[in-house]
Amino acid sequence: MMQQYLRIKAEHPSTLLFYRMGDFYELFFEDAVKAARLLGITLTQRGNANGEPIKMAGVPFHAVDQYLAKLVKLGESIAICEQIGDPATSKGPVDRKVLRVITPGTLSDADLLPAKSDRPLVAVCVLTIKKVTMVGIAWLSMASGALRLMECGGDGRAIGVRLRHELERIGPAELLIADDVDPAVASLLQEICTAHGLAAPNLRPDWHFSVADGERALLEQLEVATLSGFGCDVLQAAKGAAGALLRYARSTQATGLQHVRSLAVETEQEFIGLDAATRRNLELTETIRGQDAGAGAPTLFSMLDHCRTAMGSRLLRHWLHHARRDPAIASARHAAIGVLLCDDTGECIARILTAVPDIERITTRIALLSARPRDLAGLRGGLMQLDTLREALAASVSDARSDGGSALLGAIHAALATPHDCLGLLLRALLEEPAAMARDGGVIAAGYDADLDALRGLSENAGQFLLDLETRERSRTGIANLRVEYNRVHGFYIEVSNGQTDKVPDDYRRRQTLKNAERYITPELKAFEDKALSAQDRALSREKFLYDELLAALAPSIAVLQSIAQAVAQLDTLTALAAHAQRHGWTAPQLVPHPVVDIEQGRHPVVENQIERFIANDCNLHAERTLLLITGPNMGGKSTYMRQVALITLLAYVGSFVPAARAVIGPIDRIFTRIGAADDLAGGRSTFMVEMTESAAILNGATAHSLVLMDEVGRGTSTFDGLALAWAIARHLIETTRSFTLFATHYFELTQLPDLHPSAANVHLSAVEHRHKIVFLHAVQAGPASQSYGLQVAQLAGVPSAVIRAARKHLATLESQSLQGTPQFDLFANAATGLDVELPEDHDPEDSRHGGGAAANAAALVAALAEIDPDQQTPRSALEQLYRLKRLAAGECAE
């Protein structure tokens with residue numbers, strides 16, 4: 001047996017091997033040590049191998065799912081080795097075979113998968129074609145059968161940024177790369193895996209990524225003669241990635257991938273770009289602290305997820321992360337939501353959807369031959385709801401057609417046609433409430449199979465047969481106290497007391513002698529015994545055969561079931577969005593072809609549900625007004641205002657109604673955010689470095705159709721450096737990028753920008769102060785703020801009163817010493833008059849800071865002025881100080 005184990009283990013060296021032995025899955029050697037540590041199970045030892053005890057650990061087969069779920073969550077892969085031979089007939093070890101390999105990216109079991117999100121398997125292939133580096137990405141959601149490809153190219157830095165962006169969008173559960181991939185790419189992928197809590201990339205042989213093999217694998221999987229219809233003819237690197245991905249996915253399943261029948265090719269221009277920082281800052285499905293929407297923390301997804309099916313929730317999550325740039329798609333969804341809001345159709349549909357199971361994942365398990373009886377019972381119940389769903393939708397579809405409304409609802413209505421062949425088979429084959437596992441029996445309905453009914457009849461009617469036999473034998477023999485009975489040791493028998501043995505017929509054969517009786521068997525009773533004792537085992541075997549046959553018979557219905565699942569998911573998501581819009585007074589946005597973001601009485605979709613009264617605000621950006629410079633106190637609502645504009649814009653292109661009285665949105669290609677402050681210790685980046693990295697990504701990637709959110713840029717360094725950077729970044733966004741920008745700052749000097757650039761405008765979040773206390777009004781008003789109210793916010797935060805008093809006193813001293821009426825120097829006086837100073841490219845600011853040139857003279861002059869206290873000067877000393885300042889201004893070194 002151990003030789004058999006070692007032979008199988010050699011085929012799966014990097015996975016934990018669950019080796020079936022009777023009622024347990026056993027693990028041996030290092031696998032046992034690792035499993036005991038990860039699962040908290042007992043580690044034992046038995047026998048010897050090379051003079052060392054064989055370590056072993058095991059889990060019961062009936063409870064294996066909970067252990068598998070824990071291992072998968074930890075990023076482990078598991079090979080399930082089952083007994084395929086009969087222990088009763090095997091002369092040596094029972095034949096065993098690995099029937100499936102469970103990895104984080106190839107999950108299909110309901111117990112192992114999160115219900116409301118996908119866990120895709122991703123492969124990355126890097127090729128150099130004619131001195132151009134191309135990166136192909138292929139990803140597969142095993143639980144739905146969705147296969148997608150994309151490809152990008154460019155220089156090293158651009159490819160790295162793009163690859164990171166796309167993988168963060170896809171969210172892989174497992175990553176496959178070639179074992180000879182470029183070290184820089186491998187390092188980047190390892191960094192991405194670490195950041196997302198994934199296991200290290202799975203290294204596969206480089207020949208698995210062959211372009212020719214990949215194309216053949218796709219043709220074979222999709223059962224087509226050419227890939228032209230899918231738009232991937234020229235995607236060489238993507239086809240290489242797809243080949244490796246399909247090879248790996250097939251190796252984990254004993255049955256192939258029958259449910260993978262479609263291919264989608266994605267491009268960068270298809271979706272509104274959202275990098276990882278933007279997804280995090282906008283809190284689409286996770287909070288800034290990294291909490292998932294299911295952890296109780298409010299996110300956009302958790303607020304909108306009124307879906308009644310898991311399919312709808314997954315589709316809603318996908319829409320939020322993959323808003324399409326094409327306004328026609330969003331407008332079709334807007335129209336559908338509008339139709340569902342016209343009457344109570346949405347509420348009726350929502351009630352019906354409650355009874356619909358996860359058809360998408362059940363269909364996948366049917367294709368992989370791993371569906372359980374209750375999966376099929378759930379599918380049967382869901383298909384029985386389709387006619388009711390179509391009836392509820394029919395009136396709305398009719399109204400939509402008559403007034404030129406939603407064609408989307410019409411397509412959904414058509415896709416919800418009941419597959420009568422599939423439903424009829426399930427109705428005939430399954431019991432009303434089947435057992436949980438096919439191996440336990442009690443799955444196949446009576447009347448479906450005559451042989452099974454006969455076998456069940458033998459077991460169920462044994463008692464009546466024995467009573468009838470006893471009555472006949474008493475009549476035949478004249479023995480009134482004759483009894484027909486059964487025990488586990490001797491089986492069935494006829495018992496006759498010693499005083500009546502002389503009446504026993506010749507066909508009775510003695511089976512056992514007791515003190516006061518004899519027990520006999522007859523040919524008829526022996527024949528019945530043989531049938532009855534084996535009937536239960538044969539019934540279970542027959543039922544298992546019929547269940548496997550049922551799964552195979554459902555295979556031709558996989559494509560139509562997938563189409564139904566997609567239609568149900570879309571209808572569920574649209575109904576959920578309609579319900580939320582109705583409950584919270586959201587309105588349909590208007591998508592237009594010219595550049596504009598015009599929002600009236602906009603609200604933050606999450607925050608408005610967390611507070612009693614939310615102050616709605618307007619935002620108006622257009623070709624002549626591209627940047628809003630936002631000032632105001634801390635805690636005044638600047639970040640909330642900026643995020644709500646981005647979320648309203650995103651929701652409009654997702655296809656949802658929006659939290660605003662009116663919203664007109666023009667073309668948007670990407671949304672960028674630079675919000676908050678956090679370091680990256682593991683990556684060796686300070687808070688300011690993270691800030692500048694994100695700012696660089698915006699300046700290098702934003703276009704005139706992008707929406708940019710910049711919050712307090714430059715605060716992570718010295719005042720002068722930060723202010724200078726903030727000024728330069730804002731000016732670049734106005735003059736060069738020309739993207740729509742919301743720029744929040746506490747640098748009041750920046751409020752001069754609108755004087756220089758008419759396309760910029762000042763707005764501020766209002767607040768009032770009363771007796772050193774602040775009241776936030778949260779209203780956006782035109783013009784710059786007067787102050788930041790930092791001390792008042794610190795007081796609200798609980799900073800000790802003594803510290804607040806000391807800070808207020810020191811603030812008064814600083815302001816009295818300032819040369820101007822504002823708390824900070826006017827660094828941009830030249831800029832305000834249009835006199836920008838052009839420095840040579842090789843100019844080193846450090847030289848001027850250490851006494852070189854006019855900048856050093858100016859710095860010395862400023863320092864000397866700061867040392868003078870006018871109130872302490874005599875006429876003579878004042879005159880001396882004036883001469884000294886004159887010499888400094890002339891560049892002379894004087895004490």
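Predicted model: local features only at pLDDT ≥ 70, side-chain atom pairs only at ≥ 80, totals over all residues.
View 1. A disulfide is a covalent bond between the sulfur atoms of two cysteines. The search of the whole structure finds zero disulfides. Cys348 is partly exposed, its relative accessible area being 27%. Cys619, by contrast, is buried, with a relative accessible area of 2%.

**View 2. The open six-stranded sheet.** Six strands form an open sheet in the order β11-β10-β7-β8-β9-β12, and their pairing is mixed. β11 (202–204) and β12 (262–265) are the edge strands, each pairing on one side only. On average, and with direction ignored, neighbouring strands of this sheet are turned by 25 degrees against each other.

**View 3. Pairing of β7 with β10.** Within the strand order of the sheet, β10 stands between β11 and β7. Strand β7 covers residues 121–129 and strand β10 residues 174–178; the two pair in the parallel sense over three bridges. One end of a bridge is Leu121, whose partner in β10 is Glu174.

**View 4. The largest cavity.** The whole structure holds two cavities of 30 Å³ or more, and the largest contains about 110 Å³ of space. Its lining is made up of 13 residues; His165, Glu166, Glu268, Phe271 and Gly273 are those nearest the centre. Two or more lining residues come from each of α4 (156–170) and β13 (273–274). Helix α4 gives the most to this lining, with three residues. By class, the lining of the largest cavity has six charged, four nonpolar and three polar residues.

**View 5. The second largest cavity.** About 30 Å³ of space lies in the second largest cavity. The residues that line this cavity are Gly105, Leu107, Leu113, Arg119, Ser141, Met142 and Ala143. Four residues of this lining are nonpolar, two are polar and one is charged.

Notes
Residues numbered from 1 in each chain as written. Heavy atoms only, no water. Pairing = 2+ DSSP bridges. Helix = DSSP H or I, 4+ residues; strand = E, 2+ residues; numbered from the N terminus. Axes fitted to C-alpha atoms, helices over the stretch in contact; angles between N-to-C directions. 1 Å grid on protein atoms, 1.4 Å probe; cavity = no way out; pocket = protein on both sides within 12 Å on 5 of 7 lines; lining within 4 Å. Points joined across faces, edges and corners; volume = space filled by probe spheres on them. Nonpolar A, V, L, I, M, F, W, Y, C, P; charged D, E, K, R; others polar. Disulfide = S-S within 2.5 Å. Buried < 20%, exposed > 50% of the residue type's maximum accessible area, 1.4 Å probe, protein only.
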